[in-house]
Amino acid sequence: MRLLLIDRDSTELSGIKWFLHTYFPGDIVIEICTTISEISQSIQQCKPDAILVNIDLFSKQRLTALYRDVQQLAIAILAMTTEPLFKNALKAIELQVAHLFVKPIDLEVLKQQLTAISLRTPQFMEYAQEATNETFYYQLFLDHKSSSIETEIIFTMIEPEHIEAFHKLYSWLQQTPIHFHMRSYPLSDKIVCLFQTADLKMVEKDVRTLMKEWHVISNSSLNIGIYDGAPATIKNMYTLTKRALHQSFYEGFGQIFYASKQFEAQPFDPLLTPEEQQLLISSLEDGNLEAVKAFLYRLANEGIYYEQDDLRIHLTSVLAQIRRFMLKYKLHEKAAVEQSYRQLFHLIIEHPILYTILNGIISFTQRLIELAGEARMEKRADYVELAVEIIDQQFKDSALSLPYVAQKLGISPNYLSTIFSRKQGLPFKRYLQQTRIHHATKMLVETDFAISEVAQLNGFDDPNYFIKIFKQQVGITPNRYRKAIY
């Protein structure tokens, strides 16, 4: 990077020059101009990427000429002034400066501004060419042994919090002082950095510095994986370090992960059991957000880890139950809700942090519970579907009745009876009996339970009444049905 300092105070400019050379060793060329009449010539000769100029020295006419010169060369402008006066601020605006400093200059802010400018004009051709070194990529993906590489470097991988900042991060790494003893190789979403040292403590110090500096200039975080095991091939170091970075799914960003400290994944069935499905549906129907939270947060208990893919499958199964809830209350017909649902699906599939995914599901669920409550109040819900679900869930309860279901739905028994018969084609009581008899026939075939037990387990307190209803619907008694099947 080339920088031109413009001011009459040569002592102050020398101090700035010393500071910048200390921070950007060998990575910045600085020229000084103390004579106003020579500014245009200095700009043409130096062709800087940026200038730092004292605008107190300029009349409006000279300011216009300066702007014309720097605009032709696409030079970034930083300005300084002795007094924070409105007229000086206007000059800065007319000059379209990136930042206006009030003397004495805050050198840390100057460093940040120049770092940001350097990202727009990267000067790293030599390293960019080195990064295309085919030998390294062969060693990365093929198990090719090289004793010199195994013993003379410390292998690290850097992952940005936001993938859209990937190119900016790679450029920035070439501009930092640390890069003079580090080689960088970009992958699709991570950057391999090889530190030319065997001193792990020094590398730890350097990567912590990288994390802090990157957060200052980008307001985002990095995750860094460090291979700290026995000497190995590049491929093995890559594999183990990449595996260590997977822990960010649980830990978040702004972390350093070591290849020697891998978590052990616990066995986990990604599919919801019928009991878990029922728990979720019941929690949604009851508006019990705390139960939903407890169900989800159990996946993020400290010290317990599951395979990331299994968790994502599990959470899509959770989303399927949420979808059922949406359909029953016709919430999918709301464009904004449907869009949020689709965004949540992509969040589950793609987002790198589990905690963010869980919070996204909880936030969406809370919104659905509120909308379902409004739908009940406005009687827009499909009460027949809701009633059928209650029957499917509670048919074993002999106390289940039309008045009970109507009360649970918040509507009158007469209204429920009318709409149920109209939609299902048979009365509520008959539908309930059919559901119970259907499950009883399966139990007669699949178990050796006595007829009285089958009756009781399917909502009939009186075995004789069960036999009567069974014969009406099936045509034969339960006992004869069991014998006929066998």
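Colleague: What share of the accessible surface of the protein belongs to carbon and sulfur atoms?

Modeller: Keep in mind that this is a predicted model. The accessible surface of the protein comes to about 24,900 Å². The part of that surface belonging to carbon and sulfur atoms is 51%.

Colleague: What radius of gyration does the protein have, against that of a compact globule of 486 residues?

Modeller: The C-alpha trace spans about 110 × 60 × 30 Å along its principal axes. A compact globule of 486 residues would have a radius of gyration near 23 Å. The protein itself has 35 Å.

Colleague: How many of the contacts with a separation of 6 or more join residues 24 or more positions apart?

Modeller: The secondary structure comes to 24 helices and ten strands, and buried residues make up 47% of the 486 residues. Among contacts with a separation of 6 or more, the share from residues 24 or more positions apart is 70%.

Colleague: Where on helix α3 do its buried residues lie?

Modeller: Helix α3 runs over residues 60–72, and its buried residues are Leu-63, Leu-66, Asp-69 and Val-70. Seen down the axis of α3, these fall within an arc of 125°, so they line one face of the helix. In general, an α-helix has 3.6 residues a turn, so residues three or four places apart point the same way. The place asked for is therefore one face of α3.

Colleague: Which exposed residues does the face of α3 turned away from its buried side carry?

Modeller: The buried side of α3 is covered by elements including α2, β3, β4 and α4. The face turned away from that side carries the exposed residues Lys-60, Gln-61, Gln-71 and Gln-72.

Colleague: What distance should the twelve residues of helix α18 span?

Modeller: The helix covers residues 383–394, and the estimate uses 1.5 Å a residue.

Colleague: Which helices do the buried residues of α18 pack against?

Modeller: The buried residues of α18 include Tyr-383, Val-384, Leu-386 and Glu-389. They pack against α13, α15, α17, α19, α20 and α21.

Colleague: What arc do the buried residues of α20 cover around the axis?

Modeller: The buried residues of α20 are Leu-416, Ile-419 and Phe-420. They are on the same side of α20, because the arc they cover is only 105°.

Colleague: Which residues are exposed on the other side of α20?

Modeller: The cover over the buried residues of α20 includes α18, α19 and α21. On the other side of the helix, the exposed residues are Asn-414 and Arg-422.

Colleague: How far from Cys-46 is the nearest cysteine sulfur?

Modeller: The structure holds zero disulfides. Cys-46 is in no disulfide, and the nearest cysteine sulfur, that of Cys-33, is away by 10.0 Å.

Colleague: Is Ser-221 buried or exposed?

Modeller: Ser-221 is found in the loop between α10 and β9. Leaving aside neighbours within four places in sequence, its contacts include Glu-159, Trp-214 and Phe-253. Buried means under 20% relative accessible area. At 18% relative accessibility, Ser-221 therefore counts as buried.

Note on methods:
Residues are numbered from 1 along each chain as its sequence is written. This is a predicted model: local features need pLDDT of at least 70, side-chain atom pairs count only at pLDDT 80 or more; totals for chains, interfaces and linings use all residues. Side-chain values use heavy atoms; hydrogens and water are left out. Helices (H or I, at least four residues) and strands (E, at least two) are DSSP runs, numbered from the N terminus. The expected span of a helix is 1.5 Å times one less than its number of residues. Buried means under 20% relative accessible area, exposed over 50%, partly exposed in between (1.4 Å probe, protein chains only). Contact means heavy atoms within 4.5 Å. The arc is that of the directions from the helix axis to the C-beta atoms. A disulfide is a pair of cysteine sulfur atoms within 2.5 Å. The radius of gyration is taken over C-alpha atoms; the globule rule is 2.2 Å times the number of residues to the power 0.38. Accessible areas come from the Shrake-Rupley method with a 1.4 Å probe; for residues, only the protein chains shown count as cover.
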